[in-house]
Amino acid sequence: MENSTKKRIMSGMRPTGKLHLGHYLGVLKNWVSLQDEYECYFSIADWHALTTKYNQTSSMKEDVQNVILDWLSSGIDPKKSTLYLQSLVPQTAQLHIYLSMITPQNWVERDPTLKDLAKIMKDKQENVSNLSYGLFGYPVLMTADILTFNAHLVPVGIDQVAHVELSRDIARRFNNIYGFDYFNEPEPKLTQIPLLKGLDGNKMGKSFNNDIKLSDDEKTTENKIRTGITDRNRIRKDDKGNPDNCEVIFDYWKIFGSDDDKNEICSACKSASIGCAECKKRLAQKINEQLAPLREKRASLEKTPDIVKEILYEGSNKAQTKAQYVLDGAVDIIKMYK
Ligand code: SF4
């Protein structure tokens, strides 16, 4: 079981439904690039979704299906990586119980996401004690996700380093308490993520209705881009624009255009030889071209939902085998009755 010489990576995503360009650039492209060098475990974290949406589960199955479709069409390869559904690997829940026994409460309380949530609830004058027991324990569940595979590395953005730090602390505490160097102390694997704003200039997100989905068709993509914020001082087509003040559209050009594209748009904008409508049309074309292979693959996978489901089940079975091995070792070290 421990015969792979590759370092292990664990990461996951909540099943939020169809994924958008921000997920693709910020997470999926990175995962694809890690698959050859590392032994990767990628989780659809449906238990984590329940920590905040325990009473909104009607779309859960569809959301899971959409996430796996977007992963596969983006190039996450089930022959290289283990793709699994968190709730199909119950060993994670068992390990979570053992880890929750050794984790001091104040370690969990210092979690920045929980602090933010408590602040939001206070601002909305909601009772902070309404935070559920499950939500309060989510940093420990996240640690269990990582330690279930005794992962070495966790790919994260700078804002999530604190979560990995807590996982390191809990792994170290387990090893110290039971006197055995069993769990790796997982390290954050920092990734440079190009920040893609939503079309309205705010953070891109499904709930803000400002995103471009990977599965959107070409026309929808074009219509959405038409709503993107430009240089607000450029009112008429013959006003000269300034790409530096173009709040969203030129930022997208920086990500999706070549150097030649950017130079051409920049000078055409400054001389007013191109209007914003035409500029957006060209950008939509660029993005559609780049997403075309992914969308084609997704459309073909959508026709075989049973095969897609099978991929997730097979991955979950594979994840279970590894997780059981790690859990058995931990249970032995704790000296539980067997
Ligand atoms: S022409 Fe393009 S870059 Fe210039 S302001 Fe309009 S949308 Fe932005």
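Analyst: Domain bounds are taken from an automatic or database domain assignment. On that basis, the protein is divided into domain 1 (8-197 + 305-334) and domain 2 (216-297). The contact between them takes six residues from domain 1 and five residues from domain 2, where two residues are in contact if their C-beta atoms, placed from the backbone, lie within 7 Å. The C-alpha centres of the two domains lie 36 Å apart.

The model is predicted: local features need pLDDT of at least 70, side-chain atom pairs count only at pLDDT 80 or more, and totals for chains, interfaces and linings use all residues. Residues are numbered from 1 along each chain as its sequence is written.

Helices (H or I, at least four residues) and strands (E, at least two) are DSSP runs, numbered from the N terminus.

A residue is buried if 20 or more other C-beta atoms, placed from the backbone, lie within 10 Å of its own, exposed if 12 or fewer, and partly exposed in between. In H9, the buried residues are His163, Val164, Ser167, Ile170, Ala171 and Phe174. They cover an arc of only 120° around the axis, which puts them on the same side of H9; the arc is that of the directions from the helix axis to the C-beta atoms. An α-helix has 3.6 residues a turn, so residues three or four places apart point the same way. Asn176 and Ile177, on the other side of H9, are exposed.

The partners of the buried residues of H9 are helix H4 (91-102), helix H8 (138-147), strand E4 (153-156) and strand E5 (187-190). Just after H9, Gly179 adopts a positive phi of about 65°.

Leu294 lies in helix H13 and is partly exposed, with 18 other C-beta atoms within 10 Å. Neighbours within four places in sequence aside, Leu294 is in contact with Ser73, Ser74 and Leu214. Between Leu294 and Lys197 there are 97 residues in sequence and 21 Å in space, C-alpha to C-alpha.
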